[in-house]
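Please consult the sequence and the structure shown below while reading.

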Amino acid sequence: LDFDQTIYRVKMQRKVLNSIIMGAPGGGKGTISKKLVKDFGFTHISTGDLLRKNITEKTQIGLAAQSYMQAGKLVPDEVVLDILKQELSVLPAGKSVLLDGFPRTTHQATKLKEFFNIDAVLSLDIPHQVIIERLGNRWIHTPSSRTYSYDYNPPKVKGIDDVTGEPLSQREDDKPHVVKARLEEYAKMTAPLLAYYKQLQKETNGKTVVAEFQGSESDVIYKSVKPFLTNDLKFPTV
């Protein structure tokens, strides 16, 4: 855990903790998010899920987002921010939010700050080689979506589905060279964002706090995340 204790100290137990969780794809961010929701009652908001929901429901914002996607363009920040703003506006008062997948850039972060304050940024630092090996060990039986991992859930016969005897395949996204490129892109994109929030931590005298957690396994990392929230930030479990 990398956390500057001199910047931020909380004396009273807090009722709301609006947070961002950051972590490289394949690094266990989803697993840790689920644990945070279960233990602390966060409302988990993924902008990717919100986009898909609005597109499926054919809302005005969803149709706008879909038009960009169909044209092969990135959905503009303004559209994503509108969707997020709409979602936040209908949340019950006093709910703590865990933002996942947003913001991704400093521009998005500054725009978010205009209408929503972030109390904590939880950054998961998992070695890239661990992620590359973990995803490289994942093979699937495409027709059934059965998933195997040579780390902890290997097939009885290498390369063969246990049930049908048919060959297993590897998703293109899981191939080492693809994962490596994706991780490099993620690191390049998020380094300025993390720097932005560390600077904000100093400027606000710790009202926004940044904590980085190192490790290679979600369960082990969470053993640092949970007490950080309960002890350092005085945020109670549900």
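## Aromatic contacts

Phe 40, Phe 42 and Phe 235 form one aromatic cluster. Rings of Phe, Tyr and Trp (its six-membered ring) are taken as a pair if their centres lie within 6.5 Å; planes under 30 degrees apart are stacked, those over 60 are edge-to-face, and the rest are tilted. The model is predicted, so that local features require pLDDT of at least 70 and side-chain atom pairs count only at pLDDT 80 or more, whereas totals for chains, interfaces and linings use all residues. Residues are numbered from 1 along each chain as its sequence is written, and side-chain values use heavy atoms, with hydrogens and water left out.

The structure holds five aromatic pairs. One of them joins Tyr 196 and Tyr 197 in an edge-to-face arrangement, with 5.0 Å between the centres and 75 degrees between the planes. Tyr 196 is buried at a relative accessible area of 17%, and Tyr 197 is buried at 2%; buried denotes under 20% relative accessible area, exposed over 50%, and partly exposed the range in between (1.4 Å probe, protein chains only). Phe 213 and Phe 228 also form an edge-to-face pair, because their ring centres are 5.7 Å apart and their planes stand at 75 degrees. Phe 213 belongs to strand S7 and Phe 228 to helix H8, so this pair ties together parts 15 residues apart in sequence.

## Nonpolar core

The largest nonpolar core has 56 residues, and those with the most contacts inside it are Leu 36, Leu 99, Tyr 197 and Leu 229. Its largest share, eight residues, comes from H7. Such a core is a set of buried Ala, Val, Leu, Ile, Met, Phe, Trp, Tyr and Cys residues joined through side-chain atoms within 4.5 Å.

Residues up to four places away in sequence being excluded, Leu 36 touches Ile 21, Gly 41, Phe 42, Leu 98, Leu 122, Tyr 222, Val 225 and Leu 229. Contact here means heavy atoms within 4.5 Å.

Helices (H or I, at least four residues) and strands (E, at least two) are DSSP runs, numbered from the N terminus. H8 has 15 residues and reaches 20 Å from its first C-alpha to its last, close to the 21 Å expected at 1.5 Å a residue; the expected span is 1.5 Å times one less than the number of residues. Its buried residues are Ser 218, Ile 221, Tyr 222, Val 225, Phe 228, Leu 229 and Asp 232. Viewed down the axis of H8, these buried residues fall within an arc of 145 degrees, so they line one face of the helix; the arc is that of the directions from the helix axis to the C-beta atoms. Their cover includes helix H1 (29-40), strand S4 (120-125) and S7.

In H4, Asp 77, Val 79, Val 80, Leu 81, Ile 83, Leu 84 and Leu 88 are buried. These residues pack against strand S2 (43-46), helix H2 (47-56), helix H3 (60-70), S3 and H5.

Most residues other than glycine have a negative phi, and most peptide bonds are trans. The peptide bond from Phe 102 to Pro 103 is cis, with omega near 0 degrees. Pro 103 occupies the loop between strand S3 (97-100) and helix H5 (106-113).

Asn 205 has a positive phi, near 55 degrees. This residue lies in the loop between helix H7 (176-203) and strand S7 (209-214) and is exposed, with a relative accessible area of 58%. Lys 234, in the segment after helix H8 (218-232), likewise has a positive phi near 55 degrees. Lys 234 is partly exposed at 29% relative accessibility.
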